[in-house]
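Welcome! Please take a look at the sequence and the model below, and then read on for a short tour.

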Amino acid sequence: MPNLLATEPSAYLKSAAHQPVHWHPWGDAAFARARAEDKPILLDIGAVWCHWCHVMDGESYDNPEVAALLNDAFICIKVDRDERPDVDTRYQRAVQALTGQGGWPLTAFLTPEGEVFFGGTYFPPEDNAYGRPGFVAVLNQVAGIYRQQRAKVAENAKVIRQHVTESLNEVKGGTVTPGILDEAASRMARLFDIRFGGFGTAPKFPHPAACDFLLARWHDTRESWLRETVEKTLVAMAQGGIRDHVGGGFHRYAVDERWIVPHFEKMAYDNAELLHAYLNGYSDLGNPLFREVAQGIVDWVLEVLSDAGRGVLHTSQDADVGLGDDGDYWTWTPEEVRDALQDERAFQVIRHVYDVETEGEMHHNPRKNVLWWKRDPAGDDEWPILRDALRRLKAARDTRQPPYVDTTPYVNWNAMMASALLHAGAVLDRPECNRLALRALHRIWAEAWDGARGMAHVIGRPEPRGLLEDNIHAAAAFLDAYEATGDDPWLARALGRRGRRLLRCGARPSGGGGGGGGNGLPGDAGEADPGLADALAQRRGGPRAGPSVGDDGRRRMAPAARPPARDVRGRRRRALTIRRHAAPRRGLGAQPGDAHRRGGPEGRRSRLCHAPPGPANVPAAQGGDTRDRRGAGRHGVRGDDVLAAHGHTGRAA
């Protein structure tokens, strides 16, 4: 049978349409075929921006011999995690219960009913030196176990399902008490990296919601350590290679504890949250570096991650251009810097500030350097030289073939970025941010909302719809638009009669088919926390900020005596509960990530101490063993896991 992905709307699925694997998209038809042929299911979940997803595609799924084995013994389903966050959440949790970790690519083996009985993340085609079993060996053994030990498979699937249901149920009501807030701050303090900022060790993810939370606690308690934790973290990320010093914005995470070597993909949701965090940091702490960083995020979004004419915001920018490329677009050899600048003094300034040496950080090309702020310019006269040199480096980089930009307008991430742009418009006095944000929100309301069925996941596309994140982020962004403009329709859309319907749509399980729900566990993306409506209602009932901008993006009122950011910062604090509930993936601890630049998949450790046993004779499930992680260049990057701060594993990042 032919591959069935060519007509799918997802860029990630289309990229696999040429493969000899008989891929099915997610849906009832694939599960019906698995039941009819009595075959196990191979489920591959990834994303167009995922480096190691493309590696596994090239190594295994493009290979005709591997494809023949898959087509003979399995029904193969490929899922874009951006298109189906509900499916990704469901199976990440199941694999985390089995292995203790998750990530992308997620490789799960399911019964025809959709229940996981074995899984992992990235598998190399053959056994490697780090103890990771080869994919062909895994396929043969899993197929044999399914044929010969069916009772064992069924029991294992049942145990995994029960364990996940009991251990990872996040839908729990309760009251936020001062004690809970103190305990949360205390746990964050225990994870704080006093040397390099941030939380935990390598791989190190930004945690903007943690910074916002601690900054809010500082306002409540005035304990100096709270402020110092936030400032050190924001400064460290701003100086590290995780920040794009040439083009603005942030890469997804750093493979080292010093924030130097990133995974180079740049995500809309990360940058939306980081934009809020740096705007809050600038407003509350007054550090001009934070304003500069926020300006850079906005510049990148307006240039690369948006279409102002259509009024939409894009999803992501890829890490690489092709196989064998490991961030080459973003990195520099000394010769490339020299050629771009054509000025020896400018070269020496860049070399001094950004640590450009003949031995760089990238293993595939040791001369390639990640730009990170190692030291300030030597004198005041070098600052203008530095600024001009960065402009010339950007002009030179713009001549390179850029990594792919996924232009799919997902409602949840459009709403998140629109909210952040409204915040930036007030703090940075950039009316173009307000214009784009309001236009995007108008499109969400006009083209994604259905009063009977809730928000669509993609602007202008009818299915899927009714997912929690889309409904809640849209409602929160509509409140932001109301607070920014003073226009009552935004409030009606968020919390009026139709807005309450929006919340109810977000509170019911999402549809989408697939084997009767498989591991459709409480807390999946389609189910709402009972406190969400209350959180939004409390925000509605709070002090209303005066209107500041109209739909044309211009202020309607004269600036207040204090910076407008003060009001915005207060609104951000009132919205924190909504944002944390709507996206629990932002809890502290290492997040499920796609495979590590240094050789293996990277993910988050679960709190589970005793995973259910796997089927006999199957290699140990893979979830990012630390032996796969090698040091990065002369910086001696470590590969320890970040300890989870919460008592549960949250949504995938």
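In which helix is Ser60 found? Ser60 is found in helix 3, which covers residues 51-61. What you see is a predicted model, in which local features need pLDDT of at least 70, side-chain atom pairs count only at pLDDT 80 or more, and totals for chains, interfaces and linings use all residues. Residues are numbered from 1 along each chain as its sequence is written, and side-chain values use heavy atoms, with hydrogens and water left out.

**The whole protein**

- The secondary structure comes to 22 helices and 16 strands; helices (H or I, at least four residues) and strands (E, at least two) are DSSP runs, numbered from the N terminus.
- Of the 653 residues, 63% count as buried. Buried means under 20% relative accessible area, exposed means over 50%, and partly exposed is in between (1.4 Å probe, protein chains only).
- Among contacts between residues at least 6 apart in sequence, 72% join residues at least 24 apart; a contact means heavy atoms within 4.5 Å.

**Back to Ser60**

- Ser60 counts as buried because its relative accessibility is 0%.
- Setting aside neighbours within four places in sequence, Ser60 is in contact with Val66, Phe123, Pro125 and Phe135.

**Cysteines**

- One disulfide turns up in a search of the whole structure; a disulfide is a pair of cysteine sulfur atoms within 2.5 Å.
- The partners are Cys50 and Cys53, with an S to S distance of 2.3 Å, and both Cys50 and Cys53 are buried.
- The torsion about the S-S bond of Cys50 and Cys53 is about 85 degrees, so this disulfide is right-handed.
- Cys76 is also a buried residue, at 1% relative accessibility, and Cys433 is buried with a relative accessible area of 0%.

**Helix 2 and what follows**

- Helix 2 spans residues 28-37, and its residues Ala30, Phe31 and Ala34 are buried. Seen down the helix axis, the buried residues of helix 2 fall within an arc of 95 degrees, so they line one face; the arc is that of the directions from the helix axis to the C-beta atoms.
- Ala29 and Ala36 are exposed, on the face of helix 2 turned away from its buried side.
- The cover over the buried residues of helix 2 includes strand 1 (23-24), strand 2 (41-46), strand 3 (75-80) and strand 5 (106-110).
- Asp38 counts as partly exposed because its relative accessibility is 40%.

- In helix 14 (residues 344-354), the buried residues include Ala346, Phe347, Val349, Ile350, Val353 and Tyr354. Their directions, seen down the axis of helix 14, fall within an arc of 160 degrees, so they line one face of the helix.
- Helix 13 (334-341) and helix 15 (382-397) are among the elements that cover the buried residues of helix 14.
- At the start of helix 14, a side-chain oxygen of Asp343 reaches to within 2.9 Å of the backbone nitrogen of Arg345.
- After helix 14 comes Asp355, with a positive phi near 60 degrees.

**A buried charge**

- Asp256 sits in the loop between strand 7 (253-254) and strand 8 (262-263).
- Asp256 is buried but has no salt bridge, and Arg258, the nearest side chain of opposite charge, is 5.5 Å away. A salt bridge is a side-chain nitrogen of Lys or Arg within 4 Å of a carboxyl oxygen of Asp or Glu; Lys and Arg count as positive and Asp and Glu as negative, while His and the chain ends are not counted.
- A polar atom of the Asp256 side chain lies 2.7 Å from the backbone nitrogen of Val261.

**Backbone details to look for**

- Most residues other than glycine have a negative phi, and most peptide bonds are trans.
- Asp38 is not a glycine, yet has a positive phi of about 55 degrees.
- Arg222 has a positive phi near 60 degrees, lies in the loop between helix 9 (208-221) and helix 10 (224-239), and is exposed with a relative accessible area of 52%.
- The peptide bond from Trp104 to Pro105 is cis, with omega near 0 degrees; Pro105 is in the loop between strand 4 (103-104) and strand 5.
- Another cis peptide bond runs from Glu463 to Pro464, with omega near -10 degrees, and Pro464 lies in the loop between strand 15 (454-455) and helix 18 (468-485).

Terms used
Polar contact = N/O pair within 3.5 Å; in protein donor to acceptor, adjacent residues only side chain to side chain.
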